[in-house]
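Have the structure open while you read.

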Amino acid sequence: MCGIVGIVSASGEPVNQELYDALTILQHRGQDAAGIVTHDNGRFFQRKDNGLVKDVFHTRHMRDLHGSTGIGHVRYPTAGSSSSSEAQPFYVNSPYGIVMGHNGNLTNAEQLSQEIYQQDQRHLNTNSDSEVLLNVFAHELMKQQKLFVDQHDIFSAIKRVHNRVRGGYAAIGLISGVGMVAFRDPFALRPVIVGKRTNPKGGTDYIVASESVALDGLGFKHYRDLAPGEAVVVMESGEIYFEQCHDNPQYSPCIFEFVYFARPDSMIDDISVYKSRLRMGEKLAEKIQRIWGDHDIDVVMPIPDTSRTAALQLAEKLRLPYREGFIKNRYIGRTFIMPGQTQRKKSVRQKLNAIGLEFEGKNVLLVDDSIVRGTTSGEIVQMAREAGANKVYFASAAPPVRYPYVYGIDMPSANELVANNRTEEEVAAFIGADKLIYQDLTDLVEAVGVGSQQISCFDTSCFSGEYVTGDITEEYLQSIANARNDGAKAKQKNNAPETIGLHNQGH
């Protein structure tokens with residue numbers, strides 16, 4: 001999962017500061033690396049590196065990012081690599097000069113890599129599927145055989161990209177001398193929002209981003225979400241064009257965006273993330289009333305921060321006290337994203353601290369957004385017991401995560417998922433809880449889907465094992481399992497080679 005943003009300032013005002021601000025707003029979508037590329041007078045200006053946005057960009061870097069158009073990216077590695085050479089956006093000089101950032105995962109990246117080398121005769125410098133996507137787009141655009149391209153040429157190239165590429169992807173790019181382009185996969189698995197605002201000179205500035213919160217923070221108004229398979233081109237002069245670039249688009253956005261990744265104050269595909277999570281809490285409360293009417297829960301507590309909205313509504317529905325039993329250290333990263341089991345376990349204790357007075361002698365219901373490996377949940381249950389809880393119950397606002405996610409979230413191999421081949425009781429025993437309640441999948445779909453009139457289907461593959469793209473085989477799942485398990489990640493981290501690429505500014 002990554003965050004993307006692009007801005008075209010028709011007034012000619014520099015966009016470097018606003019791109020930086022947007023990336024800080026989208027920081028929750030990736031903490032591994034950050035990058036910005038701007039364009040001015042036929043040249044690209046770049047700064048990217050590993051680390052948080054505030055650590056990658058300093059004043060000297062910002063001064064060198066010239067131009068009134070630019071794109072930015074925050075990265076979270078989907079295959080476990082943390083090499084700085086894979087920080088985005090990526091660049092190719094042919095044709096025209098193109099830079100691109102990508103959120104998602106291409107499921108046929110290996111096949112495309114071979115095609116790029118053998119048929120397109122292009123060179124890949126990293127193992128990133130984002131570089132694959134950029135080169136496919138560049139090759140298809142080069143087929144126009146024109147010195148100058150317009151929006152029609154770009155849309156034609158994107159149509160051919162959709163024909164070649166499989167998986168989940170939201171991409172944003174700059175074409176030198178033309179402007180900004182963005183497109184979304186035919187299932188709309190990854191989010192793309194377009195915003196606009198009137199600038200002081202009377203023209204219209206445009207922004208494209210992963211979440212609406214980036215628009216809100218910069219004073220842009222929500223214009224529209226890109227539809228599945230749709231693309232947008234914003235010329236440097238400010239004209240904007242949309243076109244559907246796929247013959248059979250199907251709205252099936254990733255439901256895990258609403259469960260965990262997106263900020264609660266975001267709107268995605270005209271669905272409020274906050275309202276979705278409220279409804280998740282209400283549905284979960286209804287299930288507790290249905291299957292455990294004689295419960296002895298004394299207090300409901302969220303596990304900060306993502307589950308707070310659902311926990312609050314659950315407590316209200318059950319007419320139970322809601323308490324903040326854990327205080328979060330906001331300077332520790334999201335443990336779901338952290339590589340390595342040891343680091344995840346250590347960071348839980350650093351990230352959360354229990355308030356003993358809220359636990360002592362009570363039967364506590366802890367509410368989390370989901371349970372993936374079970375490592376974090378087990379540590380938190382233990383912390384609650386150490387703080388004096390009499391009994392510790394655990395509720396998940398999402399169903400059991402039993403299958404790897406292949407469209408851009410680094411969920412581990414199936415054998416590292418705690419719910420894989422385990423019953424609810426067995427998972428409860430694994431994390432040390434006295435009782436465990438999972439959300440039902442039908443309730444989750446209803447909780448999110450009721451907020452939309454245009455979406456009737458969501459990708460729920462990590463819960464159901466049904467992959468909407470229809471191309472996921474057991475062999476593919478095994479290949480990503482080999483790449484995503486903690487042992488493979490540790491090996492990649494220790495053996496990552498230095499590669500030659502476009503030089504960063506400011507080193």
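Start at R224: its charged end sits over the ring of F242, 4.1 Å from the ring's centre. Keep in mind that you're looking at a predicted model. You can find another charge over a ring at K196, whose charged end sits over Y223, 4.3 Å from the centre of that ring.

Now let's turn to rings that meet other rings. Two aromatic rings are described by how far apart their centres are and by the angle between their planes. How many aromatic pairs does the structure hold? The count is 15. One of them joins F258 and F458, with 6.2 Å from centre to centre and 85° between the planes. Planes over 60 degrees apart count as edge-to-face, and that's the label this pair gets.

Where do these two rings come from in the chain? F258 belongs to helix α8 (residues 256-261), while F458 is in the loop between α15 and α16 (461-464), so the pair ties together parts that lie 200 residues apart in sequence. Are the two residues buried or exposed? Buried means under 20% relative accessible area. F258 has 0% relative accessibility, so it counts as buried, and F458, at 6%, counts as buried too.

Next, have a look at Y407 and Y467. Their ring centres are 6.3 Å apart and their planes stand at 75°, so this pair is edge-to-face. Here again distant parts of the chain are linked: Y407 sits in the loop between β20 (391-396) and α14 (424-431), and Y467 in the loop between α16 and α17 (474-484), 60 residues apart. Y407 counts as buried because its relative accessibility is 0%. Y467 has 14%, so it counts as buried as well.

Rings can also join up in a group. Ring pairs link Y76, F256, Y260, F261 and F463 into a cluster.

Finally, let's move on to whole helices. Two packed helices are described by the angle between their axes and the distance between those axes. Take α9 (residues 273-291) and α15 (residues 441-449): their axes come within 8 Å and cross at roughly 145°. The crossing of α9 and α15 is right-handed. On the α9 side, the contact is made by S276, R279, M280, K283 and R290, and on the α15 side by D443, L444, E446, A447 and V448. What kinds of residues are these? The contact of α9 with α15 divides into five charged, four nonpolar and one polar.

Definitions and conventions. Residues are numbered from 1 along each chain as its sequence is written. This is a predicted model: local features need pLDDT of at least 70, side-chain atom pairs count only at pLDDT 80 or more; totals for chains, interfaces and linings use all residues. Side-chain values use heavy atoms; hydrogens and water are left out. Axes are lines fitted to C-alpha atoms, for helices over the stretch in contact, and angles run from 0 to 180 degrees between N-to-C directions. Helices (H or I, at least four residues) and strands (E, at least two) are DSSP runs, numbered from the N terminus. A crossing is left-handed if the near helix is turned anticlockwise from the far one by less than a right angle, and right-handed if clockwise. Contact means heavy atoms within 4.5 Å. Ala, Val, Leu, Ile, Met, Phe, Trp, Tyr, Cys and Pro count as nonpolar, Asp, Glu, Lys and Arg as charged, and the others, Gly among them, as polar. Rings of Phe, Tyr and Trp (its six-membered ring) pair if their centres lie within 6.5 Å; planes under 30 degrees apart count as stacked, over 60 as edge-to-face and the rest as tilted. Buried means under 20% relative accessible area, exposed over 50%, partly exposed in between (1.4 Å probe, protein chains only). A charge sits over a ring if NZ of Lys or CZ of Arg is within 6 Å of the ring centre and within 35 degrees of the ring normal.
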